[in-house]
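Welcome! Let's take a friendly walk through this protein, one feature after another.

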Amino acid sequence: MNTPAAPHTEHAPGVSIRRTREKGEPRFPDGPKADPAGSHFERRIRSFQPRRSRVTAGQADALQRLWHRWGFDVDGRRLDLADFFGNDRPVVLEIGFGMGEATVRMAAADPGTNILAVDVHTPGQGHLLNLAEQHGLDNVRVGNGDAIILLREMLTPDSLSGLRVFFPDPWPKKRHHKRRLIQPDFLTLAATRLAPGAVVHCATDWEPYARQMLEVLTAHPAFENTVADGGFAPRPEFRPLTRFEGQGLEKGHVVNDLLFRRVPHDDRPGDRPTGQPPTGP
């Protein structure tokens, strides 16, 4: 006996989709995967927690329509950036973009730079795709998954002209500090993918984390501070003041920016003896 098809229901923009899926059914058949790299890659302490929270109808629509064009899963397969973006413009990697408002504003202000934006927050991925389409941007690509796997497995040496890490999870409890992203091992990995002169730009409103970032970056031989006195940098005009940041400033939070440059290299980071100073500006 034939069962009548369920009527199609239109969802108003901004309304959350709540539907019971069949066992094994993917949440977004044409969108980001729940575990793109698979647990077989490694068992290590992660600096993030996947957040596949409530997704609005507009975000879900963007994930379904635009993912195959502008999205990719961090699954360990080599990524050809020139082919992916359709040009050979400089590429900046942004790790953790939240809802994507700042990413879109920076992309619109600098169309000559491609932005590879990676996060694990499904609503944010959909929102960023929506915003990019609304603003007619062709220089934003959205990644889903672990940035460590992206850097280590998918990108080639010297392929990035910059790295942005804005307001990462501070993991404030002492026992969780090992989960913080900005650590010596992470910087050593990132340095292999950053071209000489590329800038690492971090920002945080958690002062203890800011001090740790400054200490770790200053000590790493592959990077040098762009600030002459070796301290924090003023917020550059190209980094938008986000709503999140504005709320923090109203509460008296202090936001610190750090801008460090990848030094020229004749060898790879890790080949230079630990105590040897970096070469040249």
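## A pair of neighbouring strands

In β4, V118 has G143 as its bridge partner. The two strands involved are β3 (residues 114–119) and β4 (residues 140–144), which pair in the parallel sense over five bridges. Two strands count as paired if DSSP finds at least two bridges between them. Strands are DSSP runs of E with at least two residues, helices are runs of H or I with at least four, and both are numbered from the N terminus.

Before going on, please note that this is a predicted model, where local features need pLDDT of at least 70 and side-chain atom pairs count only at pLDDT 80 or more, while totals for chains, interfaces and linings use all residues. Residues are numbered from 1 along each chain as its sequence is written, and side-chain values use heavy atoms, with hydrogens and water left out.

## The sheet and its helices

Which order do the strands of the open sheet follow? The eight strands run β1-β4-β3-β2-β5-β6-β8-β7, with mixed pairing. β1 and β7 (223–225) stand at the edges with a single partner strand each, so one side of each has no neighbour in the sheet.

Helix α4 (residues 122–134) packs on the sheet and touches β3 and β4; its direction makes about 165 degrees with that of β4. Helix α7 (residues 207–219) also packs on the sheet, touching β6 (194–204), β7 and β8 (256–262), and its direction makes about 15 degrees with that of β8. Contact means heavy atoms within 4.5 Å. Axes are lines fitted to C-alpha atoms, for helices over the stretch in contact, and angles run from 0 to 180 degrees between N-to-C directions.

## Aromatic rings

The structure holds two aromatic pairs. One of them joins F72 and F84 edge-to-face, with 5.4 Å centre to centre and 85 degrees between the planes. F72 lies in strand β1 (residues 71–73) and F84 in helix α2 (residues 81–85), so this pair ties together parts 12 residues apart in sequence. Rings of Phe, Tyr and Trp (its six-membered ring) pair if their centres lie within 6.5 Å; planes under 30 degrees apart are stacked, over 60 edge-to-face, and the rest tilted.
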